[in-house]
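Here is a short report for a reader meeting this structure for the first time. Please look over the sequence and the model before reading on.

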Amino acid sequence: MDKLVDASLSPDLASRPFKFTSKQGRNRRAQLLSIAFELLKEKKPEEISFADICKKAKIPRPSAYHFFPNVEAIFHGIRLLHSEGMVEKLTALKKETFKTWKEYIERSIDVAIEVTNSEIAFPRLIYGYRMSNPDMRLVGQELDIKLANLTKQGLIDRFQLPNLDTLDQIFGVAISIPDSLLKLSYRTYGDFTPWMVGEAKKATISYLLNYFPEVCEPRK
């Protein structure tokens, strides 16, 4: 939970920047997030209220509002933790070797599933709950762009991709494909089934084959 206490995580979620909060304030913020994590193991997001979290955390609501304006802001903090985990894992792929660009895409999807399945709260918030706050949805879109750029750069660093002016847009669409299919799998089966994961990989690769050749030469 340490990362969620860090000022790097959306300081606009609170009434004042995280970095100016006292040690007691950071501890209280971490407590609220930890309790939300625990409650999400037992309940759906829609069944959890701000009051529930405050009560279990033993923090008065007036004090809790100092750190999070509502329950969605707490959930958003947890989603940011998921996004940081994704960025870390995708960045760590630099240490792995891939023979083809297709292998890299498949591994990237596996990484996304590993991170999402690491906490029961993650799929419940990412795929089972829709944020109503437009500002928080905008942050989610910005994070999607960051993940698309990481995937693109990972391939560019390893393989000689075609020089296309629309490469950013192509990867934006490419990462939305597995995301949509994983959402369908979770909402239909309550899990990421092997068949749906396979379909997500095939669909993403099939889309990229419209722009990339079957074999891209590795960079030396």
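## A pair within helix H2

Lysine 41 and glutamate 38 both belong to helix H2, which covers residues 23-42. They sit three residues apart, so about one helical turn separates them. An α-helix has 3.6 residues a turn, so residues three or four places apart point the same way. In this predicted model, the two side chains meet in a salt bridge, at 3.4 Å from N to O. Lysine 41 is partly exposed, at 42% relative accessible area. Glutamate 38 is partly exposed too, at 37%.

Serine 34 is also placed in helix H2. Its relative accessibility is 25%, so serine 34 counts as partly exposed. Serine 34 and alanine 57 are 23 residues apart in sequence. In space, their C-alpha atoms are 8.6 Å apart.

## The chain as a whole

What is the chain built from: helices or strands? It has 10 helices and zero strands. Read from the N terminus, the elements run α-α-α-α-α-α-α-α-α-α.

The chain has 220 residues, and 44% of them are buried. Among contacts with a separation of 6 or more, 72% join residues 24 or more positions apart.

## Salt bridges elsewhere

How many salt bridges does a search of the whole structure find? The search finds eight. Side chains of opposite charge can pair when their charged atoms come close.

One of the salt bridges joins the side chains of aspartate 110 and lysine 201, at 2.9 Å from N to O. Aspartate 110 lies in helix H6 (residues 101-116), and lysine 201 lies in helix H10 (residues 194-208). The pair therefore ties together parts that are 91 residues apart in sequence. Lysine 201 is buried, with a relative accessible area of 16%. Aspartate 110 is partly exposed, at 27%.

Helix H10 also holds lysine 202 and glutamate 199. These residues are three apart, about one turn of the helix. Their side chains form a salt bridge of 2.7 Å, N to O. Glutamate 199 has 23% relative accessibility and counts as partly exposed. Salt bridges with shared partners also link Glu96, Arg107 and Glu114 into one network.

## Helix H5

Helix H5 runs over residues 71-92, a total of 22 residues.

H5 is mostly covered, with 16 of its 22 residues buried. Asparagine 70 caps the N-terminal end of H5. A side-chain oxygen of asparagine 70 lies 3.2 Å from the backbone nitrogen of glutamate 72.

Threonine 116 lies in helix H6. Is threonine 116 buried or exposed? It is buried, with a relative accessible area of 3%.

The side chain of threonine 116 takes part in two kinds of polar pairing, one to a side chain and one to a backbone atom. A polar contact of 2.8 Å joins it to the side chain of histidine 82. A polar atom of the threonine 116 side chain also lies 2.7 Å from the backbone oxygen of alanine 112. Leaving out residues up to four places away in sequence, threonine 116 touches His82, Phe122, Pro123, Tyr127 and Phe192.

## Cysteines

A disulfide is a covalent bond between the sulfur atoms of two cysteines. How many disulfides does the structure hold? It holds zero.

Cysteine 54 is at 3% relative accessibility and so counts as buried. Cysteine 216 counts as buried as well, at 4%.

## An annotated region

Which residues does the UniProt annotation "DNA-binding region" cover? According to the unreviewed UniProt entry, it covers residues 49-68. In the model, this span is 60% helix and 0% strand. The end C-alpha atoms of residues 49-68 lie 13 Å apart.

Notes
Residues are numbered from 1 along each chain as its sequence is written. This is a predicted model: local features need pLDDT of at least 70, side-chain atom pairs count only at pLDDT 80 or more; totals for chains, interfaces and linings use all residues. Side-chain values use heavy atoms; hydrogens and water are left out. Helices (H or I, at least four residues) and strands (E, at least two) are DSSP runs, numbered from the N terminus. The expected span of a helix is 1.5 Å times one less than its number of residues. Buried means under 20% relative accessible area, exposed over 50%, partly exposed in between (1.4 Å probe, protein chains only). A polar contact is a pair of N or O atoms within 3.5 Å; within protein, one must be able to donate a hydrogen and the other to accept it, and residues adjacent in sequence count only if both atoms are side-chain atoms. A salt bridge is a side-chain nitrogen of Lys or Arg within 4 Å of a carboxyl oxygen of Asp or Glu. A disulfide is a pair of cysteine sulfur atoms within 2.5 Å. UniProt positions are given in the numbering used here, feature names are shortened, and annotations may be inferred rather than shown by experiment. Contact means heavy atoms within 4.5 Å.
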